[in-house]
Amino acid sequence: MAENQVITRSSRHQKQNKQSPGNRYGKHIFTLISILVVLMVAGGAYFFYESKKQEAQAQDRFEHGATTLLSEIQEERNQSGIASQKSEKNSDQLKEVLYVPENPDGKLPFEDSKKTLEELMAKAKKKIKDGSKSVVVGKLDVKSVSDQLDVYTLVAENYQWNGKAGDFDGAKTVSGDAQYIFHKTGQPVSVNELIPEDADLLGIQQVIQQKILDQAKDKSAMIDKVLNMPRISRDSKIQYTPEKLTITLPDNETGVKEMTLEYKDIAPYINTALVDQATLKDDSVPALDPNKKYVALTFDDGPNPATTPKILDILKEKKATATFFLLGENVAANQDLVKRIVDEGNEVGSHSYSHPLLTTLSDEEVKAEVQKTDKAIFEACGILPQNLRAPYGAADQRVAKIAGKPLIHWSVDSQDWESKNADAINARLKSTLYEGSIVLMHDIHEATLQALPQVIDTMRAEGYEFVSVDTMLQQSQKPLYTYFGATDFRMIP
Ligand SMILES: [Zn+2]
C-alpha cells in the first residue's frame, strides 16, 4: 500500500518539477521524510502491539507457573497436617500467601507467629530483584530430627520467577529461630532434659578442660588455670541445636569464654534421643567383638622405674593393653615412663597424689590430692586423667563430687599385694576372673610381673582379651558413679 502510494506521488512530482530542479529535489526530500515517518509510525505501532502481546504472554506464563507452585505448596501444607489460617495478596508482579499456624491449645513454641511471619515476609520481599516477578510464602516448617525430636521453624520463602527459563528459581528462605520440640513433652528441649544429671555436667566439665588444654599454645602456662576453672552449672548459658552444643563458661583465667562441643565427645552425658544421630558417630572408641570376653587389667601405685617397664614389655609382647592408676608423687621423677605407658596404647588414671584415705581429708585436701596428680600426669603425657581410683577403694559422695571423676573400683582382686607370689596370683585369677571384670593388680611388685605372662596366656586360652578400662566401658563412665565392671556400676550413695 505505502509503496504504491509513493510511486504515484513521485511520478506526479516528476511532472510538476520539470520547471525547477531545486524545487524538484525539495519535493524528493519531503517525500523521503514522509516515507520515513510513515514507516516509523507503522513500525512503532507494530512493536508496541508485539511487546504488549509478549508481555501478556509472559504474564500468563507467570500466572500459570504461580498457580502450579501455590497448589503444590497447598498440597504440602495439607500433607503436613499443620492447621493454618491462609491469606493471599495478588498483583501482577507479586503473589503473597501467608499460612499462619493455628494454635488452639497454646502449645506452639512461638509467641506471635503471625507477627514473626509478617516480618520474615517483609525481609524476603526486600530480596526480590527490581522489576522481577515473585511468589512469597510464609509458613511454619516442621521437620523430624529423630523419632523423639522435631524442629519447628517459621519461614518466608521467596520464589523468584525466571522469565527466560519460564520457571521459578529455587526458593530463597528467610528463617526465624528454630525451636526443637521433644515428642515426650510436646515442649521445646530444655537443658535439664538434654543434660539430665549433675554427673553429666561434671563429665562435660572434664571434656571442656581437656579441650582447652588441647587448644592451648602454651600448655604449661594453662594447666593451673584449667584446673582452677569454676565448674559449669545449670545456670550456665547453654545453646542447643541437634548438631552441637555451645556453653558459656563461668568467668575463668584461661581466656576461653565459651566452648562448642560435638555430641560424640559428650555422648555419655546427654540424652542422645535429643540430638542428630549422625553427630554421635565416634571412631575414637575401639569397637568390641561380641564374640570375645573382655577384662580390664589395672595396675596401681606406680609408676615404678624398676618394675613398670617390665610390665610394659610383657603387655607389648603379648599384645594386651591395661590401665595404670598412677600416684602423683611418683610421676614427676618418671615422666618418660608415663609417656611410654600412653604411647604403647595403655591408659593412665589418677590414684591420688600421696595415697591417703581420701574420706578422712578436708575438702581442700581432697582437691589438692586430685589436682596435683592431674597436673603431674598432664605435664608428663598431655592427658588429664579422666578416671580416679580412690586409695583403698575408699570414697564417698563428698570425695566423688570434689574429684569430679568417675571412680573405677574393681570386681576381681589379684591379691598380689598380699600374697606377693606369682603362683598364688595365677591361681587366684584363674578361679575368680569373669567376663567384664576389672582386675586389681599393682605394678610395683616383682611377683606381679612374674605372674603376668602366664595370667595373659591362660586367660586368653579361655577366650579372654585384655583392654583398657575406657575401652571396656566404651567410654560411657560418668563422675559420681563407681564402676566395678563392664555392666556393674552404681551411683555413689
Ligand atoms: Zn593403691
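Biologist: In which loop is proline 303 found?
Modeller: This is a predicted model, in which local features need pLDDT of at least 70, side-chain atom pairs count only at pLDDT 80 or more, and totals for chains, interfaces and linings use all residues. Residues are numbered from 1 along each chain as its sequence is written. Helices (H or I, at least four residues) and strands (E, at least two) are DSSP runs numbered from the N terminus. In these terms, proline 303, which a cis peptide bond with omega of about 0° joins to glycine 302, is found in the loop between strand E12 (293-300) and helix H8 (308-317).

Biologist: Which residues touch the most other members of the largest nonpolar core?
Modeller: A nonpolar core is a set of buried Ala, Val, Leu, Ile, Met, Phe, Trp, Tyr and Cys residues joined through C-beta atoms within 7 Å, where buried means that 20 or more other C-beta atoms lie within 10 Å of a residue's own, exposed means 12 or fewer, and partly exposed is in between, with C-beta atoms placed from the backbone. The largest such core has 108 residues, and those touching the most other members are Val338, Ile377 and Val439.

Biologist: Why do the buried residues of helix H6 lie on the same side of it?
Modeller: In H6 (residues 219-227), the buried residues are Met222, Ile223 and Val226. They are on the same side of H6 because they cover an arc, taken from the directions from the helix axis to the C-beta atoms, of only 115° around the axis.

Biologist: Which residues are on the face turned away, and against which helices do the buried residues of H6 pack?
Modeller: The face turned away from the buried side of H6 carries the exposed residues Ser220, Ala221 and Asp224. The buried residues of H6, for their part, pack against helix H5 (198-215) and helix H11 (363-381).

Biologist: Is valine 455 buried or exposed, and which residues is it in contact with?
Modeller: Valine 455 lies in helix H15 (residues 446-461), and it counts as buried because it has 26 C-beta neighbours inside 10 Å. Leaving aside neighbours within four places in sequence, valine 455 is in contact with Ile425, Asn426 and Leu429.

Biologist: How is lysine 420 classed by its C-beta neighbours?
Modeller: Lysine 420 lies in the loop between helix H13 (416-419) and helix H14 (422-432), and has a positive phi of about 45° although it is not a glycine. Because it has 15 C-beta neighbours inside 10 Å, lysine 420 counts as partly exposed.

Biologist: Is leucine 480 buried or exposed?
Modeller: Leucine 480 has a positive phi of about 70° although it is not a glycine, and is found in the loop between helix H16 (469-472) and strand E19 (481-483). Since 21 other C-beta atoms lie within 10 Å, leucine 480 is buried.

Terms used
Two residues are in contact if their C-beta atoms, placed from the backbone, lie within 7 Å.
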